[in-house]
Amino acid sequence: MTDTSTKTPLTLIGLGSMGTALARTWLAAGHPLTVWNRTPAKAGALAAEGAVVAASAAEAVAANGLVVLCLLDDASVGSALEGLDLTGKDLVDLTTGTPADGRARAAWAQERGARFLDGGIMATPSMIGVPEAGGYVFYSGSPALFEAHRGTLEVPAGARFVGSDPGHAALHDVALLSAMTGLFAGISHAYALIEGEGISPKDLAPLLTEWLGAMGFFAGTAAERLVSGDFTTGVESNLAMQVAASATYLRTAAEQGVSPELISPYLDLMRERLTADPAAHGDEDTTGVIKLLKRRAA
């Protein structure tokens with residue numbers, strides 16, 4: 001039997017795939033857990049595993065001082081908590097949202113007498129409760145709340161506090177997911193190029209993994225250049241060279257009957273950066289594209 005006497009009790013609102021994975025991990029670790037979901041049927045299996053199923057969101061919130069939310073979106077959070085007494089509650093919002101959502105929800109919670117942490121989950125449900133899988137959660141907002149409940153929050157996955165600005169967890173989350181999206185786009189384009197050529201995707205896969213791993217240095221290099229403002233020192237493959245080479249990527253796509261839509265936006269930005277001032281930007285690496293993105297959105 002698991003000793004629950006020293007384990008922090010908590011409430012979890014939201015029992016989708018991620019919420020259910022979180023719930024099972026806390027239950028397995030011996031934390032007394034109250035759950036509520038708008039669709040009650042999803043709570044049935046958890047009741048059999050020891051969870052207390054609340055009849056309403058109000059009952060769930062009243063049950064414990066620590067309340068974790070894992071819902072569809074920020075609007076769902078507002079709907080679930082609307083009109084409830086949150087005085088003295090510690091709210092941890094693991095619902096995927098934007099930095100603005102996190103900041104607004106933190107102010108909303110403070111107005112209602114609650115402390116607030118926003119979270120960004122860097123894991124899939126199957127990674128929850130599996131330390132070796134490497135999943136973790138970004139947290140931002142109340143430092144005191146984070147420290148008070150750090151042990152409990154670290155049960156499902158690693159906990160990384162990224163500052164008192166409530167928007168920074170979401171910002172870190174979306175920054176990493178955006179990088180992942182670009183990576184997936186490039187991989188998808190690569191597989192499309194070889195389709196019908198008698199090259200097995202299984203043969204290309206290890207080559208892609210090896211090559212993309214070798215190119216991972218760019219994350220650190222770009223960070224150093226953004227801080228220093230020096231985009232040219234030590235550059236081996238400059239912007240002028242990369243723009244010239246990009247024509248080959250586009251011709252190859254055309255020859256293979258593959259739409260370039262997954263890679264052409266980045267290639268277009270490189271070309272725009274170069275043509276704006278070839279003398280100034282030709283010897284840079286591609287870090288300058290980041291500055292171009294910020295200016296174009298202004």
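**Pockets, a cavity and a helix pair**

Helix H7 supplies the largest share of the lining of the largest pocket, with 13 residues. Keep in mind that you are looking at a predicted model. The largest pocket holds about 2400 Å³ of space. It is lined by 47 residues, and those closest to its centre are Gly 182, Leu 212, Met 215, Phe 218 and Tyr 266. Besides H7, the elements giving two or more residues to this lining are H8, H9, H10, H11 and H13. By class, the lining has 32 nonpolar, twelve polar and three charged residues.

Two of those contributors, H11 and H13, also pack against each other, at an angle of about 95 degrees and with their axes 10 Å apart. That angle makes H11 roughly perpendicular to H13. On the H11 side, the residues in contact include Tyr 266, Leu 269 and Met 270, while H13 brings Val 289, Leu 292 and Leu 293 among others. The contact residues divide into six nonpolar, one polar and five charged.

Now turn to the second largest pocket, with a volume of about 260 Å³. Of its 16 lining residues, Gly 14, Leu 15, Asn 37, Leu 71 and Leu 72 lie nearest its centre. Here H1 gives the most, with three residues. This lining divides into seven nonpolar, seven polar and two charged residues.

Finally, what is the volume of the largest cavity? It is about 50 Å³. Its lining includes Asp 73, Asp 74, Asp 93, Thr 95 and Asp 118, and divides into no nonpolar, five polar and five charged residues.

Notes:
Residues numbered from 1 in each chain as written. Predicted model: local features only at pLDDT ≥ 70, side-chain atom pairs only at ≥ 80, totals over all residues. Heavy atoms only, no water. Axes fitted to C-alpha atoms, helices over the stretch in contact; angles between N-to-C directions. Helix = DSSP H or I, 4+ residues; strand = E, 2+ residues; numbered from the N terminus. Parallel < 35°, antiparallel > 145°, perpendicular 65-115°, else oblique. Contact = heavy atoms within 4.5 Å. Nonpolar A, V, L, I, M, F, W, Y, C, P; charged D, E, K, R; others polar. 1 Å grid on protein atoms, 1.4 Å probe; cavity = no way out; pocket = protein on both sides within 12 Å on 5 of 7 lines; lining within 4 Å. Points joined across faces, edges and corners; volume = space filled by probe spheres on them.
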